[in-house]
Amino acid sequence: MDQSTVPITKISETVFNRLNQSNDDINNSHNYKNNNNNNNNNNNNNNNNNNNNNNNNNNNNNNNNNNNNNNNNNNNNNNNNNNNNNNNNNNNNNNNNNNNNNNNINYLLKPINEINEGKILNDPSNQNGLKQLFYEINKHYNNFGSKLIFFSLIGSESFNLNIESSDQDFFGVYECDIDQILSFESYYYNRIPIEVFQCNNSNNSLQKDRDRDNIINPNETIVHLKPDITIHEIRHFSKLLLLGNPKLIEPLFIENFCSSSQSWLNLIENRKHNFYTITCLNHYFSTVKVLYYDIKSIFEKDQKEKQQQQQQQQNEKSLNDRKSIFKKSYHTIRLLIEMNDIINYKDIRIFLPNQSEERKLLMKIREGEEIDVQSCFELVQSKYLEFESKFNDLKKISTNGSKIQLESIRALHFLNDWIINIRRNSIENSIQSSSFERYKFKNENGNNQESNNSYNIAMDLMKKNNIKGTLIYFGPSGSHLHGLHDDENDNNEKIDWIGIYAAPTNDIVSLFPPPLKHDSSGFIMYSNEHIGINLNPAPDRPNNQNKKDSFSKGIILYELKYALQLIVNCSYRVLECVFISSSQILDNHPFKNKFYITDAWKDFINNVLINNNNNNNNNNNNNNNNNNNNNNNNNNINNNNNNNKNNNNNNKIFSKLSNSNLIQQYWGLAKGISMKNSTFKKVKSNFLKKKDEDGTTTTISEDDALVTDDSFSKNLFFLNYLLIQCNTILNDIVFNENNTIIISPNNNEILLKEKEIPSIFIDKQSKDYQFLMSLKHNKLNKVSTIQSLMIESDSILDEVRIKLDTLKKIQRIDLVEFETIKLLNSFYNKVRKSL
């Protein structure tokens, strides 16, 4: 009997009876097709190898063959593929070679920006065509340096369920360039939780600059419409895969129309073992449930309309509803087939051979020519209810030895190791391909006992809070940093400390991002992207966690990325760590031996601060090393000059940002303290009243009355320290009599004096020290004195504001900030590669 004439119910029974049978026949047909594809690919690879040989022969005249091949591949592809180890090496080279050798062959039917619908590849089984499309779409979105992990045709054509009007859809996974991954610029903004992230791709643009709070760098997802192409970066792909979305699970089982790297093959080697979970089935079933209730709603509505219309001809809306039922039913049945494969622990069947019962059923439903709406709905309903019961039973036994795992913990740790392995290979290849000297993270502030004790204080806190990391900087904070401490509080237990550490690079690139900061109170500030080891959410974070770190007692430690963010934002507490590390300030500091400063931090300071004594020496040493490598005296002189110019420019960029924004922060804090002191007027009369022995109250003069509340004096102490620092910075900018900034005539820059580093600490021999300490100990406590100091402070605040407003008009802080972020990239990148 001809199968096409069998009633639809009989075909469905045949299909679902076969679902629990062996897949040998289908797998054999897959293998047959795969063999054909492999033969074609082998032929293509042979041709490519011949092309490579020809290219190599041509390049032999000048350089070594291997070097020429690597250079050609990197230049032509805009893809920074380094030689990965073992299989990764071969795979990436194949990717590059194929793309390179086929530069003159265009497999795309039209350019990316000219295709609105239909097909883009004539032969989606051709791997060269897939690779060209992958690199073209990345180029279209300026996503240079990406490495292909996986790219394939998806949708109806990949299922062998396409009809004449079907479009081509594509899915891919890529690895972002490692230098972008490890750059401070890419991680400048905190990543947002996965449930919040949504790819906004209106008009085929990423719109990543629309809202700073939603910026995610590097690009985690590219979504292109018409043709539909979705490409995820490996880290974001892994997070989505853990959720068990069918669109992420299906690619794991695609064997046709795809281009796969060795990394992808490693991922799918144990795909069932790792990714068949109740979480996955829940996502499948929730998708099916939505489709089912949509179908049910449309069907019931259609039945009501039929009763109302009776024998009248169906209108256009009802015809559209009919098509919608068939389309949704087709997807529902297909997903139920996949669910059944998962429940029975079988490979999901993506490509359905022409003669398979599954394909015949799905095509009949999709075309809707041999089945009526009611029969279609009844079929979907019966299978939905059947699978609902089956799925509920599975969830009950999943904890009792079932192969289907209840949670995704195993998949989480597997994916984490998979990502780290890929990143590590890229890091090592990047290091090998360039002259790179790792930081040693050794103390450069002298090998003294005090500095070592400071190191132990920091590491004890790291251990207490169970935080992993390498200490980069650690030193006194607050009054001990400013030189305004009391001598009796010089022991380590009474000193406030601040430090910066770098989390392990493996943690930075993993699915478990490290905390951003922690302190001696036990507070730990987690990343927004926090994923618990057991899939637990991040602990509740205090509402004040995003407030500026204006005051802090005890010890506070910042992770490097977060510390650099605060530096760009000009948080004065972290900027003080930068300025105090300058040799011209640190050498004169009373507690210089208590600072722990590594070679990494010292290198950072030398590159960002002007007039650091060791700056020129370090630059000369670096240049000499470069010179020895180049072995060219003339080039050496030019390199020295260029490097010195670049360092000077870097110093000026950082100085502009830090000085301008630091004044703003100091002024803002001072203004806040001044507002607190405004209550003095309300309570001043209380200090002017004196009770005699007989109980009578007399009024005394302001010169004789004392302010017994020392909070006003302490506020004036900190307020005046901030104003002293503001004026220190402003005095380095040349103003004329009208408070107008004088501009350098040659380069149109703000004219700066030689000294551009705030003093940070107050010398004990200075008048400022004596004045501030008198305020701190409430020795200037006459009402008249306190009142006059408040008036004078407010006057200085106004003067600073006028100069600050003038400075804002001259400098585009946003542009300077952008340049500063770029400046920090090399340091951040080197630290990450060193760990």
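Mentor: Start at Trp-601: beyond its neighbours within four places in sequence, it is in contact (heavy atoms within 4.5 Å) with Ile-472, Tyr-473, Ile-500, Ile-567, Cys-577, Val-578 and Ser-581. Keep in mind that this is a predicted model, where local features need pLDDT of at least 70 and side-chain atom pairs 80 or more, while totals for chains, interfaces and linings use all residues. Numbering starts from 1 along each chain as its sequence is written, and side-chain values use heavy atoms, with hydrogens and water left out.

Trp-601 sits in the largest nonpolar core, which has 87 residues. Such a core is a set of buried Ala, Val, Leu, Ile, Met, Phe, Trp, Tyr and Cys residues joined through side-chain atoms within 4.5 Å; buried is under 20% relative accessible area, with a 1.4 Å probe and protein chains only. Tyr-473, Leu-560, Leu-564, Trp-601 and Phe-604 touch the most other members. Helix α27, residues 711-730, supplies the largest share of this core, 12 residues; helices here are DSSP runs (H or I, at least four residues), numbered from the N terminus. Another core, of 70 residues, lies apart from it, and includes Ile-149, Trp-264, Ile-278 and Tyr-284.

One more stop is His-480, in helix α18, which covers residues 479-482. His-480 counts as buried because its relative accessibility is 3%. From there to Lys-494 is 14 residues in sequence, and 9.6 Å in space, C-alpha to C-alpha.

How values were computed. Buried means under 20% relative accessible area, exposed over 50%, partly exposed in between (1.4 Å probe, protein chains only). Helices (H or I, at least four residues) and strands (E, at least two) are DSSP runs, numbered from the N terminus.
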